[in-house]
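Trainee: I am new to this one. Can we go through it step by step?

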Amino acid sequence: MTIGDISPKKERKSRRSKHVVDEKAPLLPKRQDEAGGYDEFNGASFTGAVFNLSTTIVGAGIMALPATMKVLGLILGIAMIVFMAFLTDASIEFLLRFSRAGKSTSYGGLMGDAFGKYGRIFLQVCVLVNNIGVLIVYMIIIGDVLSGTSSSGVHHAGVLEGWLGEHWWNGRTFVLIVTTLGIFSPLACFKRIDSLRFTSALSVALAVVFLVITVGIAIIKLISGTVMMPRLLPDVTDLTSFWKLFTTVPVLVTAYICHYNVHSIDNELEDSTQIRPVVRTALALCSTVYIMTSFFGFLLFGDATMDDVLANFDTNLGIPYSSLLNDAVRVSYAAHLMLVFPIVFYPLRLNMDGLLFPYSRPLAQSNTRFACITAGLIAVIFLGANFIPSIWDAFQFTGATAAVCLGFIFPAAVTLRNHHFIATKKDKMLALFMIVLAVFSNAVAIYSDAYSLFKKNSGAGPRA
């Protein structure tokens, strides 16, 4: 069989036996029947796949986890992190099992197999909404960290302003232009997700740097006796504090969302049977990082832990070299997000292409289409982060909805649809639980965001 042959195979197992062919030989099918734009490159390593999936998981959400410990307490909080890792593993297993049954090589292809054309389109729209929102938020955070931000008339200096003073060339817009042209654009030009394995490894390493600094500071303050033992259980005294427990659900439910990249990583693996160990290794690695960040972040700041723990590193930590450590945390985090950007951008581009050109040849074969979609999406993200002040508020609503659909509602719906009659009764019960949890999480997130927005606007009052 040549690489150009795309006849159906009974089973996708080891791909080591593929023939070596000339570089100019066709690597792809001539039609893009599925949304993924499946590229038949099969040389990705286990380690590279783990780093790519881990980077997809560990984005900006890691900074919100210590605040969940403040609400839930350490025991319940850590138990919930572990529980969500197992639930995410189950939802990804649903995706892979039904993809194998329907010979689907993309998430969109799986939804199309189960629910037809409109199922595939709905999936692609959710990926667009979720990933564009996530990337705009990443760009906003990077701008805040490097160039500072102003809130309620108070200016919080960025790292570059603190080091070099306030100049036009370290202003927010110019810094983001340089970052977009010098980092985002080159990394977004890779046609294979496996090409990002080294930047993904560095991204995970930078997340570990943040963790190591946090652990080090917490241990120093623990030895000196300046931190208290954190609360182990939630402090529930009335109905209000009871309902507050549920505000942590959206953060935990979306902590492991990576489903839109699973098929791309699976397609490029040299041995497709490795995808389950890849998923479990990545989830174990990210769970460890999440648990340690939550534990030591809450240990360090206690009840003063903010919703975004990065904001706690904008103050005096009460130890030597506090300012230097604060800057190290903020810079490592900004660099981490810069390297997460291309991993989240990759499925965004594939699904945009699948939505606009569902019957064209695969995206990797068309340089013109690839370049136009890449440039257009980066421009939209840049403009959204710089010139639409209320866009963060908008994506608080849409992002939560799209994320839970991608992570739990769609895999569960495919299982309940059971198009290939392979779901067990246990699978269906678990799928039903996923849908109930996801809908509840979404309702809580929307109510919480709407209440916070209303409170912020009413608190501002009329201006004189």
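This is a predicted model: local features need pLDDT of at least 70, side-chain atom pairs count only at pLDDT 80 or more; totals for chains, interfaces and linings use all residues.

Mentor: Residues are numbered from 1 along each chain as its sequence is written, and side-chain values use heavy atoms, with hydrogens and water left out.

Trainee: How many helices and strands are in the protein chain?

Mentor: Both are DSSP runs numbered from the N terminus: helices are H or I with at least four residues, strands are E with at least two. The count is 15 helices and two strands.

Trainee: What percentage of the 464 residues count as buried?

Mentor: Buried means under 20% relative accessible area, exposed means over 50%, and partly exposed lies in between (1.4 Å probe, protein chains only). By that rule the buried share is 51%.

Trainee: Which tyrosine is in contact with Tyr256, leaving aside neighbours within four places in sequence?

Mentor: Contact means heavy atoms within 4.5 Å. The partners of Tyr256 include Ile57, Met84 and Leu283. Also among them is Tyr290.

Trainee: At what angle do α2 and α11 pack?

Mentor: Axes are lines fitted to C-alpha atoms, for helices over the stretch in contact, and angles run from 0 to 180 degrees between N-to-C directions. Helix α2 (residues 65–72) and helix α11 (residues 275–301) have their axes 8 Å apart. The contact is made by Leu65, Pro66, Met69 and Lys70 of α2 and Tyr290, Thr293, Ser294, Gly297 and Phe298 of α11. The angle is about 65 degrees.

Trainee: Why can Glu93 and Arg97 lie about one helical turn apart?

Mentor: Side chains of opposite charge can pair when their charged atoms come close. A salt bridge is a side-chain nitrogen of Lys or Arg within 4 Å of a carboxyl oxygen of Asp or Glu, and Glu93 and Arg97 form one at 2.8 Å, N to O. Glu93 is partly exposed at 22%, and Arg97 is partly exposed at 23%. They are separated by about one turn because they are four residues apart in helix α3 (residues 74–102).

Trainee: Is Arg369, which forms a salt bridge with Asp353, buried or exposed?

Mentor: The closest N and O atoms of Arg369 and Asp353 are 2.6 Å apart. The pair links distant parts of the chain, with Arg369 in helix α13 (residues 367–387) and Asp353 in helix α12 (residues 322–356), 16 residues apart. Like Asp353, Arg369 is buried.

Trainee: In which loop is Tyr321 found?

Mentor: Most residues other than glycine have a negative phi. Phi of Tyr321 is near 60 degrees, a positive value, and Tyr321 is exposed at 65% relative accessibility. Its loop lies between α11 and α12.

Trainee: Where is Lys103 found?

Mentor: Lys103 also has a positive phi, near 55 degrees. Lys103 counts as partly exposed, at 48% relative accessibility. Its place is the loop between α3 and α4.
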